[in-house]
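Trainee: Please take one part of this model and go through it closely. I would like to see how it packs against what surrounds it.

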Amino acid sequence: IIIASARPQSVEHETKTETDGIDIVLAVDISGSMLARDFQPDRLTAAKEVASQFVANRQGDRIGLVVFAGEAKVQLPITTDYRMARSFAKRLSPSLVEVQGTDISDAIDLASLSFSQREGASRVMILITDGEAHDSDALAAAERAAERGIRIFTIGIGSPKGAPIQINGEFIQDEKGEMVVSRLNEELLQQIAESGNGGYIRASNAEFG
């Protein structure tokens, strides 16, 4: 009775469990060709949705964000703050980069440098683009990344048939006055993924998330 009235309690010991999250850098194309409307309302909007949904589904991973057109910039250093990552992903715009064009090799090189130096951390780069590159060094950049233990997965935004590019209500024309049609370059994106020991996925209008 005396022992019972003392109300003895057992002590639960706190146990800490560490999980090995993946370091992930999203490299998103924000060049003018991403304004083509073979996706509704355009490719860039679809790319932003892809990035935002991807971040929303992460648990225990670290996310970074690189944007690129004719040059690449780190938009968000690698972090576990998913709310901030989604916020940055939703605000992507061609105005974030001054130099236009599509330099995929620069994007891959910069994204490779954006990873943390955590010992033993798995590193994954996700390249979201239509693949209309204006450089010839993308495969070499992917191989350099693979040598550093970084796997590259590519997501193709657009259609092989292509669509014209409309900026501020006007369609872009070439030097001959003909309408410029931007097409998804799946072959290049497949080659980059292969060189980067990853995989290629073509996003669709119905389920691009």
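Mentor: Start with helix 5, residues 138-147, and helix 6, residues 186-195. This is a predicted model. In it, the two helices pack at an angle of about 25 degrees. Their axes lie 8 Å apart. Angles under 35 degrees count as roughly parallel, so helix 5 is roughly parallel to helix 6. The crossing of helix 5 past helix 6 is right-handed.

Now the residues that touch. Helix 5 brings Ala-138, Leu-139, Ala-142, Glu-143 and Ala-146 to the contact. Helix 6 answers with Leu-188, Gln-191, Ile-192 and Ser-195. By class, that contact holds 6 nonpolar, 2 polar and 1 charged.

Next, burial. The buried residues of helix 5 are Ala-138, Ala-141, Ala-142, Ala-145 and Ala-146. Look down the axis of helix 5: these buried residues fall within an arc of 140 degrees, so they line one face of the helix. An α-helix has 3.6 residues a turn, so residues three or four places apart point the same way.

Compare the two lists. Ala-138, Ala-142 and Ala-146 are buried, and they also belong to the contact with helix 6. Ala-141 and Ala-145 are on the buried list too.

What covers this face? The cover over the buried residues of helix 5 includes helix 4 (104-113) and helix 6. Strand 4 (123-129) and strand 5 (150-156) are also among the covering elements. After helix 5 comes Gly-149, with a positive phi near 80 degrees.

For reference, take another helix pair. Helix 2 (residues 43-56) packs against helix 3 (residues 82-90) at about 175 degrees. Their axes are also 8 Å apart. Angles over 145 degrees count as roughly antiparallel, and helix 2 and helix 3 are therefore roughly antiparallel to each other. Helix 2 contributes Lys-48, Ala-51, Ser-52, Val-55 and Ala-56. From helix 3 come Tyr-82, Ala-85, Arg-86, Ala-89 and Lys-90. This contact has 6 nonpolar, 1 polar and 3 charged residues.

Finally, the setting. The protein has 6 helices and 10 strands. It runs to 209 residues, of which 44% count as buried. Take the contacts with a separation of 6 or more: residues 24 or more positions apart account for 76% of them.

Key:
Residues numbered from 1 in each chain as written. Predicted model: local features only at pLDDT ≥ 70, side-chain atom pairs only at ≥ 80, totals over all residues. Heavy atoms only, no water. Axes fitted to C-alpha atoms, helices over the stretch in contact; angles between N-to-C directions. Helix = DSSP H or I, 4+ residues; strand = E, 2+ residues; numbered from the N terminus. Parallel < 35°, antiparallel > 145°, perpendicular 65-115°, else oblique. Left-handed = near helix turned anticlockwise from the far one by under 90°. Contact = heavy atoms within 4.5 Å. Nonpolar A, V, L, I, M, F, W, Y, C, P; charged D, E, K, R; others polar. Buried < 20%, exposed > 50% of the residue type's maximum accessible area, 1.4 Å probe, protein only. Arc of directions from axis to C-beta.
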